[in-house]
Amino acid sequence: MAKINMTPEKTKMPEQDPDIRNRNFLEVATGYTPQMAQEEAQRCLNCKHKPCVSGCPVNVNIPSFIQAVAQGDIEKAYEIITKTNSLPAICGRVCPQETQCELPCVRGIKGEPVAIGRLERYVADYMLAKETFIADTPKPTVKKNKKVAVIGSGPAGLTAASDLCDMGYDVTIFEALHKAGGVLVYGIPEFRLPESIVEKEIERLKAKGVCIELNMVIGKIISIQELHEEEGFEAIFVGTGAGLPNFMNIPGENLNGVFSANEFLTRVNLMKAYDPSYDTPIYFGSHVAVVGGGNVAMDAARAAKRLGAEQVYIVYRRSEQEMPARAEEVHHAKEEGIEFRLLTNPTKILGENGWVTGMECVRMQLSEPGPDGRRRPVVIPGSEYVLKTTSVIMAIGTSPNPLIKSTTEGLETNKWGCIVADEETGQTSIPYIFAGGDAVTGAATVILAMGAGKKAAAAIDKYLDK
Amino acid sequence: MYRILERKDLNSDVVYMKVDAPAVAKKCEPGQFIILRVDETGERIPLTISDYNREEGWVSIIFQKVGKTTYLLDTLQQGDYILDFVGPLGIASHTDNMSRVCVVGGGLGCAIAYPQAKKLFGMGLHVDVIAGFRNKSLVFLQEEMKRNSTNYYLMTDDGTAGEKGMVTKKLKELIEGGANYDTVIAIGPVVMMKYVSLLTKEYNIKTIVSMNPIMIDGTGMCGGCRLTVDGQTKFACVDGPDFDGHKVDFDGLMQRLSMYKEQEKHKCNLFRGIE
Ligand SMILES: Cc1cc2nc3c(=O)[nH]c(=O)nc-3n(C[C@H](O)[C@H](O)[C@H](O)COP(=O)(O)OP(=O)(O)OC[C@H]3O[C@@H](n4cnc5c(N)ncnc54)[C@H](O)[C@@H]3O)c2cc1C
Ligand SMILES: Cc1cc2nc3c(=O)[nH]c(=O)nc-3n(C[C@H](O)[C@H](O)[C@H](O)COP(=O)(O)OP(=O)(O)OC[C@H]3O[C@@H](n4cnc5c(N)ncnc54)[C@H](O)[C@@H]3O)c2cc1C
Ligand code: SF4
Ligand code: SF4
Ligand code: FES
């Protein structure tokens, strides 16, 4: 029996000092050493009923991979994880573990849960660091001689493509942007998810035989129907995400200095505006107000700080408890000097000569829980005040882009523009079209998008086997 | 990678390039544009598809050297490659319910207006073209425009070619003279489109303008290209680029276009070795 480490806290992961990292784009947390991983793995009790597994949307066999880590067999651990999760280096970094796998962990009852995410990351990083990681990619052993198209290269599309390729299909991914990865490359910043990791996963897909066509906006250059009828793709998976930014529709939103978080983060991440050798410009001024309380808001705020903004605010209309962001990101943001203006809602953006100079806000309070148990924010009368700011970043959510719907006759969507798909199979109102990820659920998480890609791949296989 | 099949200088500032892009050529329609990225560190910039050939698989672009990216693009020669070239983007120009049309092009706008004039004229409509330039040396596409219009009127600010004066002067003259246009299509500098729209409003003639805000993705994902039309926020890359000239907030657009002026000027000067 391996020995058990009864320390109530998680083994700390080394991090860059907050006052240093808020001036660079290098990864915040630098990862476990082999000793740390071993120590943390020994905190797992290898529970028979595996409560943690049911908390993971793709049911990674957590105790069994952790036992392998404890025994020092990292390759085996990787094999166990990748049976159900093809992108562990990414999930280990960005999953909201505190509401998923780590929530039901028994060790969390009297102390902190086992650091499942950190261990998952450790295992994946160990494998990714091997020089032969890409060359070692297992190639499909069967061939079906059937073509399947995947639209969008976010986590949903990458997972579906990977599984379909393993099953022996000829898979082509069509991506609108000039780089594959979806939100993983244009949204989530380098300091949280290094691009090199996403790139390696994509190289691995290519090594398996998946073909990736960039700069292809489906619906414009070719429609889904044409892919099916003229190009011979027998089934199509749509993983186009929810990329359309919402604005608040308050006065002053078109002033210079107001961005959607998507624009701000795209300039920073995809176009590398933080690096002077790249041509894409970015503007933010000295004071930046980010409106919203999710991961997107945290990322935008922390990126602005790193670019050199003196003062960065998070403006959120509910309290910290309701913030949808990962707990770790909120914690990191605070450490880095981001100021939180909670229970605050913007009402107007003020400007001079067309440029932002401030934002009028009101204070909010939470109502008593309504029939749905949710406490609604309500305005405190007479609480208006002006927050001095030179730019405003709107991170208040996104919706699916209407392009696919508007160019695919008969494809059913709901009132929010999300594609209607069967929960188990991802099949849409058009039998050969399957969909999953944010395009179906609205903005959600990486792991849910991957899970949907997985289910759809299995369903496509069934559909085409008939 | 997209190969440049041909390049020509149309005047000292404006360059024509024919690019090998069969999939784009197969689908594109007048009024649509592409977004390109010259190299790995480059910006994404939008350029209108000025012509295309579906059989031969090319599309052409005409661009004016105004900043870093367009100067960088200018360094490419026939046989060189453009790294990324994505399109066709935007909504194709509508051609319904038109019979007598006046196409007004200002400077570089003539390049954007050309495919529309060509299409409408090809459909058998009456198409008058008014092309305006600052002076004679800048005039381009004259022969092509002439071939694809019922009447072609050339205007220059200084009178060195065609008639002296602005495009609005000629447009007013033609309208007053009974040209009886049902549609005016105005493409050029924002101020020009604004004044054409103000003029045609007096005569209640439907006017279409082509908007050119700063863009990144061109797919509706960033909202950077937003502008106000009839009091509502629109994304030019997916809702446009054509809009009703009587409803566009031109002043707001001009303001947004100035957003990166200082930074762009700096990058451009560095690239050209000025300063
Ligand atoms: C800034 C930010 C931070 C986030 N942080 C976290 C986090 O910490 N943890 C977490 O779990 N989740 C996080 N999320 C959410 C998560 O990234 C998404 O839920 C997930 O990426 C959705 O995956 P997807 O595959 O459905 O779509 P996406 O990742 O959005 O990918 C869709 C892809 O499809 C392409 N596409 C769209 N339309 C077309 C078309 N017509 N033709 C061709 N291609 C097209 C897009 O360009 C894009 O590449 C974050 C999101 C953002 C924006
Ligand atoms: C839908 C669309 C179609 C277009 N079609 C053409 C075309 O066919 N031919 C062509 O030459 N140009 C066209 N443009 C404009 C072209 O995209 C810009 O000239 C180009 O982005 C400038 O890039 P740059 O790096 O060379 O200059 P920058 O350094 O970015 O800018 C130089 C100067 O141009 C101004 N500027 C920047 N972006 C734009 C813009 N989008 N429109 C107008 N001024 C701008 C800046 O304020 C600055 O003063 C189009 C724009 C749009 C949105
Ligand atoms: S995939 Fe995410 S939820 Fe599942 S075990 Fe890994 S970190 Fe936890
Ligand atoms: S619940 Fe916690 S302690 Fe138990 S097996 Fe899962 S990770 Fe280990
Ligand atoms: S260019 Fe990004 S939304 Fe139009």
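Author: A residue is near a molecule or strand if one of its heavy atoms lies within 4 Å of it. The model discussed here is predicted, with local features requiring pLDDT of at least 70 and side-chain atom pairs counting only at pLDDT 80 or more, whereas totals for chains, interfaces and linings use all residues, and side-chain values use heavy atoms, with hydrogens and water left out. Residues are numbered from 1 along each chain as its sequence is written, while chains are lettered from A and ligands numbered from 1 in the order in which they are written.

Reader: How do the residues of the shell around ligand 4 divide into nonpolar, polar and charged?

Author: Ligand 4 is surrounded by residues of chain A, including Cys44(A), Cys47(A), Cys52(A), Cys105(A), Arg107(A) and Asn46(A). In this classification Ala, Val, Leu, Ile, Met, Phe, Trp, Tyr, Cys and Pro are nonpolar, Asp, Glu, Lys and Arg are charged, and the others, Gly among them, are polar. On that basis the shell divides into 10 nonpolar, one polar and one charged.

Reader: How far does a polar side-chain atom of Thr48(B) lie from a nitrogen atom of ligand 2?

Author: Ligand 2 is surrounded by 24 residues, with Pro46(B), Thr48(B), Ile62(B), Gln64(B) and Thr70(B) the closest. For the side chain of Thr48(B), the distance to a nitrogen atom of ligand 2 is 2.9 Å.

Reader: What area is buried between domain 1 and domain 2 of chain B?

Author: Chain B is assigned domain 1 (2–89) and domain 2 (100–257), with bounds that come from an automatic or database domain assignment, and the domain centres, taken over C-alpha atoms, are separated by 21 Å. Contact (heavy atoms within 4.5 Å) involves 20 residues of domain 1 of chain B and 19 residues of domain 2 of chain B. Buried area is the accessible area (1.4 Å probe) that two parts lose on being put together, summed over both. With carbon and sulfur atoms giving 62% of the total, the area buried between these domains is about 1,600 Å².

Reader: Which residue meets Asp51(B) in a salt bridge?

Author: Side chains of opposite charge can pair when their charged atoms come close. A salt bridge is taken as a side-chain nitrogen of Lys or Arg within 4 Å of a carboxyl oxygen of Asp or Glu, and two are counted between domain 1 and domain 2 of chain B. In one pair, with an N to O distance of 3.1 Å, the partner of Asp51(B) is Lys118(B).

Reader: How many residues apart are Arg93(A) and Glu27(A)?

Author: The side chains of Arg93(A) and Glu27(A) meet in a salt bridge at 2.7 Å, N to O. Arg93(A) is in helix 6 (residues 88–94) of chain A, and Glu27(A) is in the loop between helix 1 (18–21) and helix 2 (34–41), so the pair links distant parts of the chain, 66 residues apart.

Reader: Where is Pro241(B), which a cis peptide bond joins to Gly240(B)?

Author: The peptide bond from Gly87(B) to Pro88(B) is cis, with omega near -5°, and Pro88(B) is found in strand 7 of chain B. Another cis peptide bond joins Gly240(B) and Pro241(B), with omega about 10°. The place of Pro241(B) is the loop between helix 7 (236–239) and strand 16 (242–244) of chain B.

How values were computed:
Polar contact = N/O pair within 3.5 Å; in protein donor to acceptor, adjacent residues only side chain to side chain. Helix = DSSP H or I, 4+ residues; strand = E, 2+ residues; numbered from the N terminus.
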